[in-house]
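Visitor: Could you take me through one part of this protein slowly? I would like a close look at the sheet and then at what surrounds it.

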Amino acid sequence: MLNHDKSRALFERAQRALAGGVSSEFRKGNAPHPLVYMRAHGARLVDADENEYLDFALSQGPIVLGHSHPEVLAAVERASRDGQLYAALHLAEIELAEKLQEIIPCAELVRFSASGSEANHAALRVARAVTGRHKFIRFEGHYHGWFDNVAFGINGASLEALGPREAPIPLPWTQGLPPNARDEFILLPWNDLAPVEQTVAQHHDDIAAIITEPIMCNTGCIEPETGYLEGLRALCDHYGIALIFDEVITGFRVHLGGAQAFYGVTPDLAVFAKAMANGYPISAIVGKRRWMQPIAEGRVIHAGTANAGNPSVAAAKATIEVMQRERVHDKLHRLGKRLQAGLREAARETGHDVLVQGPGPVLNLAFTSLPCARDMRDTLAFDKAKLGRFVYGLQEEGVRILSRGTWYLSAAHTEADVDFAVRAARKVLAAMHE
Ligand SMILES: Cc1ncc(COP(=O)(O)O)c(C=O)c1O
């Protein structure tokens, strides 16, 4: 067992100053308390007790090149020497926008923001403005940030509490929501075209947008069924609805051009964040000219003092340059496949039923005998108690993954790192029988 005395003491201190001891709900970590981190380089992260972890949590996705990547740091330092935030137009943001136009299929126009949550907020606003309609369709298990109108239907509850599959009950994720927030959207099951077709046929006069993670990374890391994204595309075309891809996780992770380039389905609007700048805060709302025009003309307001700050823009430019030059995504897919195969084999050898799903650069391990999970309701059958023991066991073996069972790969990981993680997983899985 690793020693966590210093992390424990620092967390106690943190709770006296930071609300809940953390700066985001998602950082409360695995039992018994969150660890406190001191430094991170490449694929490794060191905590306050000097324990070193091979990091597959990667700051919940952004660290696509590895921590403290020298080229990104050098670019940030150079840019920051000439000012930190002009809050006005600058050359580097024009160059970055041009780069996004070049690599992202739907990016005819671009606006930068600071976080994924606010970029999704802007995308929904612009969809309402263009269509003159007020509601949007979203899906069970998808996460689009923490703002009021998307803070529903995220966390798994019991099947009974969720209501009928075709008409799920939008359970609030938080207290403090205005009563009309739940009137802004229709919640549907994902990966099944029939309920979307029926809903759109009935309510298309009210529906401005369909927003989806193109891969349901936040719940089970589930890929779309063949033809599903194409089906959404066709429905949106038919009824004049905006198709919005929330590429906050998939962007710059599964492909340089996002899931839209990976699957060959082009949305009207898309939102990018996380892996775009290898850990620096930036997001982008991108879209076809028709859908971005209201922002261009100032009919739809999008603003933010911190938008396109010098360090973030420089980090994004450098990150994209390295990804492109080194064909990083080939490596992420190769390592991801190796990790998936290794984890499945380790589970087979140790007699555990696990389901490993995902495109590779991001993947999820769940304890279940299901041969595959297709939507959020399938994931309710996952054994969370077992997963908790597994994640904690891995941590004690020096391997860090997200508490929901998700693994991210970075360009800094090697085959030896993946093999180390698989050996650790095998050891933990074997011990779970004891
Ligand atoms: C798919 C998706 N959309 C939106 C968000 C929100 O982004 P942010 O945390 O930058 O506000 C997240 C965050 O995890 C996400 O995974």
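**A close look at the sheet and its surroundings**

Guide: Happy to! Keep in mind that this is a predicted model. One of the residues to look for is Lys-135, whose bridge partner in E7 is Ile-207.

Now step back to the whole sheet. Seven strands form an open sheet with mixed pairing, in the order E4-E10-E9-E8-E7-E5-E6. At the edges you will find E4 (109-113) and E6 (185-188), each pairing on one side only. Ignoring direction, neighbouring strands are turned by 20 degrees against each other on average. Helix H9 (residues 289-296) packs on this sheet, where it touches E4, E8 (242-247), E9 (269-272) and E10 (283-287). The direction of H9 makes about 50 degrees with that of E4.

Next, the wider setting. The chain is divided into domain 1 (5-68 + 327-431) and domain 2 (70-325), with their C-alpha centres 25 Å apart. Their contact takes 34 residues from domain 1 and 48 residues from domain 2. Together the two domains bury about 3,200 Å² between them, with 60% of that on carbon and sulfur atoms. On the domain 1 side, Arg-374, Met-376 and Arg-377 lose the most area to domain 2, together 25% of what that side buries.

Charged and polar groups meet here too: three salt bridges are counted between the domains, and 20 residue pairs are in polar contact across the interface.

Key
Residues numbered from 1 in each chain as written. Predicted model: local features only at pLDDT ≥ 70, side-chain atom pairs only at ≥ 80, totals over all residues. Heavy atoms only, no water. Pairing = 2+ DSSP bridges. Helix = DSSP H or I, 4+ residues; strand = E, 2+ residues; numbered from the N terminus. Axes fitted to C-alpha atoms, helices over the stretch in contact; angles between N-to-C directions. Contact = heavy atoms within 4.5 Å. Domains from an automatic or database assignment. Buried area = accessible area lost by both parts, 1.4 Å probe. Salt bridge = Lys/Arg side-chain N within 4 Å of Asp/Glu carboxyl O. Polar contact = N/O pair within 3.5 Å; in protein donor to acceptor, adjacent residues only side chain to side chain.
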